[in-house]
Amino acid sequence: MNPYIQYMYSYPHKTAYRPLKGVFFQEYASLLSGGGHSLYFHIPFCQSKCGYCNLFSITGQGEEEMSRYLDAAERQCRQYREMLSDFKPEFSDVSVGGGTPLLLTERQLERMFHILETHFTYGKDKTTAIETAPNQTVREKLQILRQANVTRVSMGIQSFSDRELQALGRRHDAERAKKALDLLKAFAFPCVNVDFIYGIPEQTEKSLLASLKEAVSFSPDEIFLYPLYIKHGAWLKQKNAGNPAAAYRQYQEGSAFLKAEGYRQDSMRRFVRKERRDFSECGFGDSLAIGCGGRSYLGRLHFCTPYAVAGKECIRQVNRFLDTEDFSQITHGMLLSEEEMKRRYVIRHLLIRPGLDIRRYRENFGTKAEEDFPKLLDWMRQRYAEICKIGKRECLALTETGLGLSDYLGPQLISAQVWEKMQEWEELYGRKDDIIPGQLKKL
């Protein structure tokens with residue numbers, strides 16, 4: 001059994017999206033009425049493309065190209081604000097992802113936050129999260145984050161071994177990562193997260209634990225532990241991906257170590273120091289994305305820029321974004337059926353503790369989860385899942401074994417129709433392509 005089939009961070013995957021016709025933002029704008037919504041700002045620029053990266057990102061772009069991207073993003077925000085004016089949306093959380101958002105210059109970073117503050121309204125307890133990388137984590141930019149009241153900063157370190165960093169194609173070394181993390185902690189953000197990878201070529205359980213011990217010495221609030229995936233056109237060769245059995249042993253050692261150090265495991269990847277919040281329902285929340293590559297969720301409508309990984313295709317999509325004058329028409333995404341909404345709900349809850357609230361599922365859909373998905377009963381018989389009490393709630397949750405097999409179990413809940421579309425995308429686009437610097441259009 002291969003424990004690493006598919007990372008189920010959302011459902012359906014972007015590779016299942018297809019062109020849409022006759023769909024307009026105004027038809028769904030009312031779903032953003034009132035408060036409690038999420039806002040995502042995508043910055044697609046990176047210093048370099050890591051060997052395993054399957055994200056929408058481009059490299060080799062200068063200050064001028066990044067400024068024109070912000071021009072287009074501000075145009076998009078202005079139009080969204082106008083179309084949403086009758087519904088008075090209030091956003092409770094903001095995430096800025098990438099790419100590497102802190103690759104922006106200081107002035108551009110300030111402009112990005114100004115755009116967000118100018119065009120949208122927020123709740124009084126708004127949270128703001130942003131991603132960074134060691135080479136871009138500098139004092140001047142962290143000061144801007146503090147001024148913008150950022151509450152969570154996540155930094156991708158991946159390893160404290162220089163040999164492992166080189167194998168991944170990272171541009172920083174271990175010493176730079178330590179200095180960046182030390183600086184990040186000095187600014188006392190409410191939450192600091194660091195990311196690490198296991199299953200790296202020639203990595204051992206000992207070297208993984210050495211990296212995690214170093215990380216724990218900085219007392220980060222969260223640690224994410226990711227298995228190495230090499231797919232969707234990433235340039236690191238498949239033959240160097242290591243073997244799944246060895247990676248799984250590394251996961252077991254790493255997760256056991258972090259739990260012994262006082263981190264609570266909330267998912268296969270997430271380890272946190274803070275107390276667990278009460279049950280938080282997800283799968284129905286509405287989220288609006290700004291920029292090229294971000295994904296929006298408005299009820300049953302999911303939409304985004306066509307998924308791309310290879311350099312030329314990402315640049316082509318960014319150029320289309322720069323040329324867009326009218327953001328009211330939605331041209332690429334998916335309208336989820338009732339069955340797909342059920343699958344999304346189960347996946348979004350079951351793979352994260354405390355799990356799937358059985359009563360809430362029945363209230364939302366009028367059916368029982370175990371009847372809609374008999375596979376859940378199979379998992380209980382195999383001791384991958386169990387019924388547990390969380391306060392007054394009865395939840396179906398993954399056992400410790402099941403949690404470690406999330407990337408094996410989760411994909412079993414993907415519908416045949418979505419799998420077919422994902423495979424079709426892989427055959428057409430899941431290949432390596434050249435990453436060409438400076439290929440954004442000159443206006």
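Predicted model: local features only at pLDDT ≥ 70, side-chain atom pairs only at ≥ 80, totals over all residues.
Strand β2 (residues 37–43) and strand β5 (residues 91–98) run parallel and are joined by 7 bridges. Within this pair, H42 lies opposite G97 of β5. Strand β5 also pairs with strand β6 (residues 122–132), again in the parallel sense, over 5 bridges. Here F91 faces Y122 of β6. Helix α2 (residues 106–119) belongs to a β-α-β unit with β5 and β6, and the unit is right-handed.

Antiparallel pairing involves strand β15 (residues 329–335). Strand β1 (residues 18–24) runs antiparallel to β15, and 4 bridges connect the two. F24 has Q329 of β15 as its bridge partner. Strand β14 (residues 301–304) pairs with β15 as well, in the antiparallel sense, through 3 bridges. In that pairing, H302 stands opposite M334 of β15.

Helix α6 covers residues 205–216. Its 12 residues should span 16 Å at 1.5 Å a residue, and the end C-alpha atoms are 16 Å apart, so the two values agree. Buried residues of α6 are S207, L208, L209, S211, L212, A215 and V216. The elements covering these buried residues include helix α4 (162–168) and helix α7 (244–260). Strands β8 (191–198) and β9 (222–227) are also among them.

Helix α9 covers residues 338–350. At 1.5 Å a residue, its 13 residues should span 18 Å; the end C-alpha atoms are 18 Å apart, which agrees. Helix α9 is mostly covered, with 10 of its 13 residues buried. Among the buried residues are M341, Y345, V346, I347 and L350. The buried set also includes the residues E340, K342, R343, R344 and H349.

A search of the whole structure for disulfides finds 0. A disulfide is a covalent bond between the sulfur atoms of two cysteines. The cut-off applied to a pair of cysteine sulfur atoms is 2.5 Å. For C292, the closest cysteine sulfur is that of C314, at 8.1 Å, and therefore too far for a bond. C304 is likewise in no disulfide. Its nearest cysteine sulfur, that of C292, is 9.2 Å away. C292 is buried, with a relative accessible area of 0%. C304 is buried too, with a relative accessible area of 8%. Both values count as buried because the limit is under 20% relative accessible area.

Conventions:
Residues numbered from 1 in each chain as written. Heavy atoms only, no water. Pairing = 2+ DSSP bridges. Expected span 1.5 Å × (residues − 1). Buried < 20%, exposed > 50% of the residue type's maximum accessible area, 1.4 Å probe, protein only. Contact = heavy atoms within 4.5 Å. Right-handed = clockwise from strand over helix to strand, strands pointing away.
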